[in-house]
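Me: I would like to go through the terms used for this model one at a time, and to see in each case how the value leads to the word.

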Amino acid sequence: MELTVKQMGQVEYETAWAWQRELVQMRRAEQIGDTLLLLEHPHIYTIGRKGTVQNLLAGPERLQKLGARVLETDRGGDITYHGPGQLVGYPLLDLRLRNNDVHRYLRNLEETLIQVLATYGLQAGREPKYTGVWLEVPGGKDKIAAMGVKVSQGVTLHGFALNVNTDLSYFKEIVPCGITDADKGVTSCQKLLGHPLAMDEVCARVVGAFTQVFGYDTIRYEPALTNHARDSFQE
């Protein structure tokens with residue numbers, strides 16, 4: 001089974017969302033195979049279907065100072081932050097070929113990132129009460145990767161966000177994922193390792209783990225779109 005990988009660079013959230021919707025239709029019609037988009041977003045707070053604006057702590061003036069926007073989306077979950085230095089993965093997979101098992105799909109996304117973090121010497125795992133990927137820290141656990149997905153007529157969209165070199169101060173403006181537990185926080189690879197990571201290297205490790213966990217035997221890379229191609233894609 002083949003996986004197509006598209007590394008897109010930094011993309012506005014709405015643009016990537018539009019791409020996903022179009023690619024989902026193509027995947028459902030079997031015009032394309034399973035596809036993984038890897039990218040970063042400019043500063044933005046997104047609120048999922050189970051979210052509430054009450055978990056956004058920053059007011060309009062503060063958001064303007066931060067250069068961040070707020071957008072309600074159709075993914076699962078509550079509020080989260082996306083920004084430069086965070087690797088976002090949007091898998092567009094036909095779950096009809098995987099028994100429509102959404103629970104297993106989420107666990108496989110977590111397992112992918114757990115394996116990636118292990119290659120950097122970081123022992124990550126799951127938290128029974130919540131989705132995502134967590135690491136034990138003094139006094140509790142910190143989340144390093146969030147999950148928020150949607151399944152549209154058997155095909156997945158949205159996905160995961162891994163804090164690689166993320167500016168964690170942006171999370172102080174929200175209640176991340178609506179989690180109020182005093183012993184739960186947010187962390188990044190850079191914070192834990194003490195130095196930034198090369199995003200291309202992280203992408204390569206994510207692709208390697210993703211193909212292994214989800215059982216692909218062939219990977220096909222497609223180049224990032226030029227600005228002209230990006231504009232054409234949205235037409």
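Reply: Let us begin with residue classes: Ala, Val, Leu, Ile, Met, Phe, Trp, Tyr, Cys and Pro count as nonpolar, Asp, Glu, Lys and Arg as charged, and the others, Gly among them, as polar. By that scheme the lining of the largest pocket has 13 nonpolar, 8 polar and 5 charged residues. This is a predicted model, in which local features need pLDDT of at least 70 and side-chain atom pairs count only at pLDDT 80 or more, while totals for chains, interfaces and linings use all residues. Residues are numbered from 1 along each chain as its sequence is written, and side-chain values use heavy atoms, with hydrogens and water left out.

Me: What makes a space a pocket or a cavity, and what volume does the largest pocket have?

Reply: On a 1 Å grid over the protein atoms alone, a cavity is a set of points where a 1.4 Å probe fits but cannot get out, whereas a pocket is an open set with protein on both sides within 12 Å along at least five of seven lines; lining residues have an atom within 4 Å of a point. Grid points are joined across faces, edges and corners, and the volume is the space filled by probe spheres set on the points. The largest pocket comes to about 450 Å³. Of its 26 lining residues, Gly76, Gly77, Thr131, Met147 and Gly148 are the closest to its centre. Strand 9 (140-152) is among the elements that give two or more residues to this lining, and its 5 residues are the largest share; strands and helices here are DSSP runs numbered from the N terminus (E, at least two residues, for strands; H or I, at least four, for helices).

Me: How many cavities of 30 Å³ or more are there, and what lines the largest cavity?

Reply: The count is 2 cavities of 30 Å³ or more, and the largest cavity has a volume of about 60 Å³. Its lining includes Thr80, Gln86, Lys143, Asn163 and Cys177, with strand 9 giving the most, 3 residues. By class this lining has 7 nonpolar, 3 polar and 1 charged residues.

Me: Why is Cys189 called buried?

Reply: Buried means under 20% relative accessible area, exposed over 50%, and partly exposed in between (1.4 Å probe, protein chains only). Cys189 has a relative accessible area of 2%, so it is buried. Cys189 lies in helix 4 (residues 189-193) and, leaving aside residues up to four places away in sequence, touches Leu117, Leu122, Ile144, Asn163, Val164, Gly194 and Leu197, where contact means heavy atoms within 4.5 Å.

Me: Are Gln153 and Cys177 buried, partly exposed or exposed, and what else sets them apart?

Reply: Gln153 has a relative accessible area of 60%, and is therefore exposed, while Cys177, at 23%, falls in between and is therefore partly exposed. Gln153, found in the loop between strand 9 and strand 10, has a positive phi of about 50° although it is not a glycine. Cys177, in the loop between strand 10 and strand 11 (184-186), also has a positive phi, near 60°, and is a residue other than glycine.

Me: How do you know that strand 3 and strand 5 pair?

Reply: Two strands pair if DSSP finds at least two bridges between them. Strand 3 (residues 44-47) is joined to strand 5 by 4 bridges, so the two pair, and they run antiparallel. Thr46 stands opposite Thr80 in strand 5.
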